[in-house]
Amino acid sequence: MTYVPKQKENLIIAAAAAPHPGAEDEARDAPATRAPRRWAPRWRRMRRRTLALALLVAAVPVTVTATVVQLTDDPPPREAPLPTLGIGRGGRVIPRGALPLVPRALGDAYSRLRRPATSVDRDNAVVRRSATHARQFGLAARQARVMATVTGQRVWLIPGNGFLCIGIQAIGDDGMVMGCETRTVALKYGVSAFNTENIYGVLPDGVRQIDVTDDEGFHHVESVNDNVYVLPPISATIRYRTGASGKLVTFRVIA
């Protein structure tokens, strides 16, 4: 076979470009390389929801009347673990000793608890009976105070052993609707209860009004008198600013 020099040059180039034996196996066995990916943490997108769930787990369920749920980006309040509460064997209620004295932090946030009892405060037979039925919260009926009387209802604030409770009692009635929160939660978000007619809530000292957006989209501002606010029986988002720092606090009440 004869060929001109140009043809020889072309054959040499073609031979060099041809894959050598075993090249396919080497390519298959070579580790794959990918362009590096930037990972964005998902917790920033999930933070609001997970904190709301975290507060629900941390808060002790008391009644089905009203529930407070945190919506802010602040971490949930830290508090010392409490002994197990609830129902023991045979339906026995696990009791807690009654609160001996109002803790200083609670008295600072709700100064009404530090004031001497009036004749209305001493008319507390319903509170004493309710405290007996709710022994798991260690309620101190003697230290309970009437915060206000609204729409024919006495709004009681009842300190407990690790808890703070609100009691709604119609004047002259021998029954009471109660709602409780752990003390640390109550210091920031207050306590609330729902008696089928209204939502009643008690907030710490210094709150004069709340900004309310209910689940039907109606936005309104409500006054807070003697620490007490009253809302229609519909779930809502509540916002208020603290007196000292002006920090915005946001939570929900669920009727």
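Guide: Welcome! A strand, written E, is a DSSP run of at least two residues, and strands are numbered from the N terminus. Please keep in mind that this is a predicted model.

Visitor: Thanks! Which strand holds Arg154?

Guide: Strand E3 covers residues 153-159. The place of Arg154 is in that strand, E3.

Visitor: Is Arg154 buried or exposed?

Guide: The cut-off for buried is under 20% relative accessible area. Arg154 has a relative accessibility of 12%, so Arg154 counts as buried.

Visitor: With which side chain does the side chain of Arg154 make a polar contact?

Guide: Let's look at the surroundings of Arg154. Leaving aside residues up to four places away in sequence, Arg154 touches several residues, including Val120, Val146, Gly167 and Ile171. Asp123 is also one of the residues touched. At 3.1 Å, the side chain of Arg154 makes a polar contact with the side chain of Asp123.

Visitor: Over how many bridges do E2 and E3 pair?

Guide: Two of the bridges can be named: Arg145 has Leu157 in E3 as its partner, and Val150 has Gln153 in E3. The two strands pair in the antiparallel sense, and the number of bridges is five.

Visitor: What is the phi of Thr151 in the turn between E2 and E3?

Guide: E2 and E3 form a hairpin, with two residues between the strands. Thr151 is in that turn, and its phi is positive, at about 45°.

Visitor: There is also an open sheet of three strands; what is its order?

Guide: Its edge strands are E6 and E10, each pairing on one side only. From one strand to the next, the twist averages 15°. The pairing is antiparallel, and the order is E6-E7-E10.

Visitor: Which residue in E10 does Tyr200 stand opposite?

Guide: E7 and E10 pair in the antiparallel sense over four bridges. Across from Tyr200, the residue in E10 is Val230.

Visitor: Where does Thr196 lie?

Guide: Thr196 is not a glycine, yet it has a positive phi of about 75°. Its relative accessibility is 63%, so Thr196 counts as exposed. The position of Thr196 is in the loop between strand E6 (191-194) and strand E7 (199-202).

Visitor: Is Asp226 buried or exposed?

Guide: Asp226 is found in the loop between strand E9 (219-223) and strand E10 (228-231). Although Asp226 is not a glycine, its phi is positive, at about 55°. The cut-off for exposed is over 50%. With a relative accessible area of 54%, Asp226 is therefore exposed.

Visitor: Now for the rings: how many aromatic pairs does a search of the whole structure find?

Guide: One of the pairs is formed by Tyr189 and Phe251, which are edge-to-face, 6.0 Å centre to centre with 70° between the planes. For the whole structure, the search finds three.

Visitor: How many residues apart are Tyr189 and Phe251?

Guide: Tyr189 is in helix H7 (residues 183-189), while Phe251 is in strand E12 (residues 248-253). Both count as buried, because Tyr189 has 1% relative accessibility and Phe251 has 0%. The pair links distant parts of the chain, and the separation is 62 residues.

Visitor: Why is the pair of Tyr240 and Phe251 called as it is?

Guide: Planes over 60 degrees apart are the ones with this label. The ring centres of Tyr240 and Phe251 are 6.4 Å apart and their planes stand at 75°, so the pair is edge-to-face.

Visitor: Which residues form one aromatic cluster?

Guide: Tyr240 lies in strand E11 (residues 236-241) and Phe251 in strand E12, so their pair ties together parts 11 residues apart in sequence. Both Tyr240 and Phe251 are buried. Phe251 also pairs with Tyr189. The cluster is made of Tyr189, Tyr240 and Phe251.

Key:
Residues are numbered from 1 along each chain as its sequence is written. This is a predicted model: local features need pLDDT of at least 70, side-chain atom pairs count only at pLDDT 80 or more; totals for chains, interfaces and linings use all residues. Side-chain values use heavy atoms; hydrogens and water are left out. Buried means under 20% relative accessible area, exposed over 50%, partly exposed in between (1.4 Å probe, protein chains only). Two strands pair if DSSP finds at least two bridges between them. Axes are lines fitted to C-alpha atoms, for helices over the stretch in contact, and angles run from 0 to 180 degrees between N-to-C directions. A polar contact is a pair of N or O atoms within 3.5 Å; within protein, one must be able to donate a hydrogen and the other to accept it, and residues adjacent in sequence count only if both atoms are side-chain atoms. Contact means heavy atoms within 4.5 Å. Rings of Phe, Tyr and Trp (its six-membered ring) pair if their centres lie within 6.5 Å; planes under 30 degrees apart count as stacked, over 60 as edge-to-face and the rest as tilted.
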